[in-house]
Amino acid sequence: MKAGALAGAVLLIAGGFVPVNSQTTAFVNVNVLPMDRERVLAEHTVLVRNGLIEEVAPSHRVQVPEGAQVIQGDSLFLMPALADMHVTLPSPQATQDEVRDFFRLLLANNVATVRGMD
């Protein structure tokens, strides 16, 4: 399976996420939740180059390019980022720390897009 634009992907690691710091990233041996129907693609490698998903295939068939950032995902899950269309944003009186914590909490739960209901 080859895919287009990467709206956002998060490797779920005990309630956290892995930042991607390379032009090419390989998520190796992950369980992919493609969200097109109810299924899991077990032990796959996902290659992301310049923000685009280049390849999704069983790990034994993917050759990881030299110089790629490799993220080992044994027994972990990779899925597209989520969107929450009913969010109450922090009030204008919220401190900068409270606003930052609010958005960090969203990211920690794999929510990368929100629509404020105000």
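In what order do the elements of the chain run from the N terminus on?

## Fold and element order

The model described here is predicted. Starting at the N terminus, the order of elements is β-β-β-β-β-β-β-α-β.

Among contacts in the chain with a separation of 6 or more, 61% involve residues 24 or more positions apart.

## Surface and burial

The chain has 118 residues, of which 28% count as buried. Its accessible surface amounts to about 7700 Å², and carbon and sulfur atoms contribute 54% of that area.

## Aromatic pair

One aromatic pair is present in the structure. It is formed by F102 and F103 in an edge-to-face arrangement, with 5.1 Å centre to centre and 85° between the planes. The angle exceeds the cut-off, since planes over 60 degrees apart count as edge-to-face.

Both partners have intermediate accessibility: F102 is partly exposed at 21% relative accessibility, and F103 is partly exposed at 36%. The value for F102 does not qualify as buried, because that class requires under 20% relative accessible area.

## Backbone with positive phi

N29, a residue other than glycine, has a positive phi near 60°. This residue lies in strand 2, which spans residues 24-32. N29 counts as partly exposed because its relative accessibility is 26%.

M35 is likewise not a glycine, and its phi is positive at about 70°. M35 is located in the loop between strand 2 and strand 3 (41-49). With a relative accessible area of 47%, M35 is partly exposed; the exposed class would require over 50%.

Terms used:
Residues are numbered from 1 along each chain as its sequence is written. This is a predicted model: local features need pLDDT of at least 70, side-chain atom pairs count only at pLDDT 80 or more; totals for chains, interfaces and linings use all residues. Side-chain values use heavy atoms; hydrogens and water are left out. Rings of Phe, Tyr and Trp (its six-membered ring) pair if their centres lie within 6.5 Å; planes under 30 degrees apart count as stacked, over 60 as edge-to-face and the rest as tilted. Buried means under 20% relative accessible area, exposed over 50%, partly exposed in between (1.4 Å probe, protein chains only). Helices (H or I, at least four residues) and strands (E, at least two) are DSSP runs, numbered from the N terminus. Contact means heavy atoms within 4.5 Å. Accessible areas come from the Shrake-Rupley method with a 1.4 Å probe; for residues, only the protein chains shown count as cover.
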